Number of protein chains: 2
Amino acid sequence: MTKLSPLAVVPFVSVDSMMKLVLSLGVERFLTDLALYIEEDFKRWEVFDKTPRVAAHSHEGVIELMPTSDGHLYGFKYVNGHPKNARTGRQTVTAFGVLSEVGSGYPILLSEMTILTALRTAATSAVAAKYLAPRGARTMAVIGNGAQSEFQALAFKTLLGIDRLRLFDIDPVASEKCARNLKGKGFDITICRSAEEAVDGAEIITTVTADKQNATILTDNMVGAGIHINAVGGDCPGKTELHSDILLRSEIFVEFPPQTRIEGEIQQLAPDHPVRELWKVIAGQEPGRRTAHDITLFDSVGFATEDFSALRYVHDQLRTTGLYEELDLLADPDEPRDLYGMLLRAAG
Amino acid sequence: MTKLSPLAVVPFVSVDSMMKLVLSLGVERFLTDLALYIEEDFKRWEVFDKTPRVAAHSHEGVIELMPTSDGHLYGFKYVNGHPKNARTGRQTVTAFGVLSEVGSGYPILLSEMTILTALRTAATSAVAAKYLAPRGARTMAVIGNGAQSEFQALAFKTLLGIDRLRLFDIDPVASEKCARNLKGKGFDITICRSAEEAVDGAEIITTVTADKQNATILTDNMVGAGIHINAVGGDCPGKTELHSDILLRSEIFVEFPPQTRIEGEIQQLAPDHPVRELWKVIAGQEPGRRTAHDITLFDSVGFATEDFSALRYVHDQLRTTGLYEELDLLADPDEPRDLYGMLLRAAG
C-alpha cells in the first residue's frame with residue numbers, strides 16, 4: 001500500500017505515550033498546566049456547546065459519551081464506569097477521547113484518557129478549591145484511596161499547598177498503597193482507621209469512593225463550620241457519598257446544573273434546590289467562599305469541557321514532545337469523491 | 001516499557017486493513033454478508049437502545065455521535081458531514097467507530113468507518129429495496145455519482161440483480177469516474193445529461209447528492225407509478241433532495257422516525273405525516289410494497305443500529321483474517337486501583 005497521506009493520519013497518544021508525557025513534564029507541572037487550561041475554558045464557559053452526557057446504563061455499569069465544542073474545536077470522551085471490573089483485573093473507569101476541527105470535522109487527536117481523566121478530575125477539584133477552600137488550608141482528608149486518590153493529593157499540593165493528608169479507606173491496603181505512592185512528595189501522611197478519624201482537623205474533605213450505591217461516607221456531625229468538601233466519587237444516578245443533611249447546610253457549587261442534578265450529590269435534593277455554577281466564580285462574576293464559617297461543597301461529576309481542556313492541552317504538547325504515533329484512521333482517496341476507486345487501486 | 005497486556009489493547013482496523021479486508025472477501029461478498037447482519041439487527045429492533053444521534057452543527061457542517069446497544073454490545077460511530085471538504089482534498093464524510101462490551105465497558109474494536117459507512121449505507125439501501133422495490137426491477141437511475149454511488153450500484157446488483165444503470169451528476173466527470181470504476185462488474189451503463197433523462201425507464205431511483213441545501217433533484221412529474229425511490233443524500237436539517245409533492249404521493253419508509261423527521265426528506269412534511277418503520281417490514285410484521293403501482297420511498301438517513309451491525313460484522317472477521325493492529329488504548333495497571341503506581345513504575 002502507498003505511504004500514508006497527512007490527511008489520512010490522526011495523531012494517537014497511547015497509554016504508553018501518555019505516561020511518557022506525564023513523566024517527562026512531571027506530574028506536578030502537568031497538573032499545573034492542565035489546571036490553567038481548565039480555568040481558561042471555565043472562564044469562556046458561555047461559548048461552549050453544552051449538553052448532558054449521553055449515557056447507556058446497564059446492570060453492570062455505564063458507558064458515556066461526553067461531547068462539547070467551543071465553535072473551533074470539538075471534543076468528546078468515551079468513558080465507562082463499571083465498579084465490578086476490578087474483580088477481573090480491569091479498571092473501574094477507562095476512557096479515551098478525540099479532538100477535532102469544527103471546520104472540517106476531521107479528528108486531530110485520539111488519546112487515551114484513563115490516565116488523563118484522573119489528572120483532569122484532580123486538576124478540576126484543585127481549581128474549584130482555589131476559590132472555595134478556607135484560606136491557608138494545609139490539611140486534607142482523603143476518603144477512598146483508590147486510583148484517583150494520589151492525583152487529588154498531588155493537585156491539591158501543587159495548586160493549594162496542601163501538605164498534610166489524612167487517609168481512610170475501608171480497605172487498609174488501599175491507604176497503604178496511596179501513602180507509599182506519595183512517599184517523597186513532601187506530605188505528612190496519617191493513615192486513619194475511620195472516616196471520623198480522617199476528617200478530624202482537616203480543612204478540606206475529599207470523598208472519592210467507588211461503590212455504585214447511595215453510600216453515606218460523611219454524616220452530618222462529621223462536617224464542621226468552615227470546611228470545604230470536594231465530593232468526587234458520587235457521579236451517577238444512585239451513587240452518592242454524603243448524607244443529605246450536609247448538603248442542606250452547604251453552599252453547593254456544580255459544573256453544569258442539568259447534569260449534576262442527575263448525577264451528583266444533589267440528586268438527593270429537590271430539583272429546584274439552589275446551587276451555584278463554578279464557572280461564574282472562576283470568571284469573577286460571583287464570589288466563591290464568602291465567610292470563614294461557610295461549608296462549601298464542590299459536587300464534582302466531571303463535565304465535557306474539562307475533558308476538552310485536557311485534550312486541548314495534550315494536543316498542544318504534541319509538536320514539542322513528539323510523544324505520539326500516527327494512526328491510519330481516515331480514508332484519503334486521491335480524489336475525494338472516489339472512495340471506491342481508492343479500493344480498486346489498493347487492489348492493483 | 002513493558003509488554004502490552006491483553007487487557008490494555010484494543011483491536012484497531014485501519015483504513016489500510018479495511019481495504020485489505022474488503023478486497024480479500026470481495027466487495028460483493030462483503031456487501032452480502034453485511035446485509036445479513038443489518039437484516040438480523042433490524043429483525044431484533046426492539047432490543048436496541050435507540051436515541052437520535054447527538055449532533056454538533058456548525059456553519060461548515062456537522063459532527064455526530066451515533067450510539068446504540070443491544071444489551072450485550074455497545075457501539076458508536078463518530079461521523080462528520082462537511083460538503084466543502086472536497087475543496088481541500090478532504091472527504092465530505094469521514095467516520096470511525098467503536099464496539100464495546102456492555103458488561104465491562106471495555107472497547108473490543110476501534111475501526112475506520114469511512115469505507116465501512118459507504119458499505120453499510122449501500123447494504124441498507126439494498127435491504128430496504130428487497131422489500132420495497134417493484135418485483136423484477138433491473139434498471140436503476142443513480143443521481144449523484146460521488147463517493148457513495150459505486151457502493152449503491154454494487155449492493156443493488158448483488159442483492160437485487162440490478163444490472164442496468166442510468167447515471168447523472170451535475171459534474172460529468174463524476175459520472176465518468178463512476179462508470180469507469182464499475183467497468184467489468186456486469187452493468188449496462190448509460191451516462192445521462194439530465195436527471196430527467198436518467199429516470200427514464202428506471203424502476204428504482206437512487207438520489208445520492210451531497211450539497212447541504214434544500215435541493216430539488218427530483219420533481220413530481222419525474223416519478224411515475226410503481227417506482228421505488230432510494231433517497232440517500234438528504235440526511236440533515238436543511239438538506240433534502242425531493243420535491244415535497246413526491247413525498248405526498250409516496251408510501252414512506254424510515255429507519256427511526258424521531259431522527260428521520262429531523263434529518264430526512266420528511267422534514268418537509270407535517271410532524272405527524274404518516275410514515276412506516278422499515279424494521280417492521282423486515283421483521284415480517286407489516287407488508288412492504290403492496291401493489292405494483294405504489295410509489296415507495298426509503299427516506300434513508302442512516303441509523304446507529306446499521307453502524308452497530310457493521311462493527312459487529314467487522315469484529316467477527318478479526319480472528320479469521322488477522323487484519324488488525326493492537327492499539328495501546330487502555331491503561332492496565334498491575335493492580336486496578338493503582339493507576340498512579342503504574343506511572344511511577346513506568347518511570348523506574
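Domain bounds are those of an automatic or database domain assignment. The structure is a predicted model, in which local features need pLDDT of at least 70 and side-chain atom pairs count only at pLDDT 80 or more, while totals for chains, interfaces and linings use all residues. Residues are numbered from 1 along each chain as its sequence is written, and chains are lettered from A and ligands numbered from 1 in the order in which they are written.

**View 1. The two domains of chain A.** The assignment divides chain A into domain 1 (9-115 + 305-347) and domain 2 (131-302). Taken over C-alpha atoms, the centres of domain 1 and domain 2 of chain A are 27 Å apart. Each side brings residues to the contact, 17 from domain 1 of chain A and 17 from domain 2 of chain A; two residues are in contact if their C-beta atoms, placed from the backbone, lie within 7 Å. Helix α2 (residues 27-43) of chain A supplies the largest share of the domain 1 side, 8 residues; helices (H or I, at least four residues) and strands (E, at least two) are DSSP runs, numbered from the N terminus. By class, this side of domain 1 of chain A has 8 nonpolar, 3 polar and 6 charged residues. Ala, Val, Leu, Ile, Met, Phe, Trp, Tyr, Cys and Pro count as nonpolar, Asp, Glu, Lys and Arg as charged, and the others, Gly among them, as polar.

**View 2. The surroundings of Ile143(A).** Ile143(A) lies in strand β7 (residues 139-143) of chain A. Ile143(A) counts as buried because 28 C-beta neighbours lie inside 10 Å; the cut-offs are 20 or more other C-beta atoms within 10 Å for buried, 12 or fewer for exposed, and partly exposed in between, with C-beta atoms placed from the backbone. Leaving aside residues up to four places away in sequence, the residues that Ile143(A) touches include Phe168(A), Ala195(A), Ala198(A) and Ile217(A).

**View 3. The contact between chain A and chain B.** Chain B contributes 65 residues to this contact, and chain A contributes 65 residues. On the chain B side, helix α11 (residues 339-347) gives the most, with 7 residues. The side of chain B that touches chain A comprises 35 nonpolar, 20 polar and 10 charged residues.

**View 4. Chain A and its fold.** Chain A contains 11 helices and 17 strands. Of its 348 residues, 57% are buried. Among contacts in chain A between residues at least 6 apart in sequence, 71% link residues at least 24 apart.
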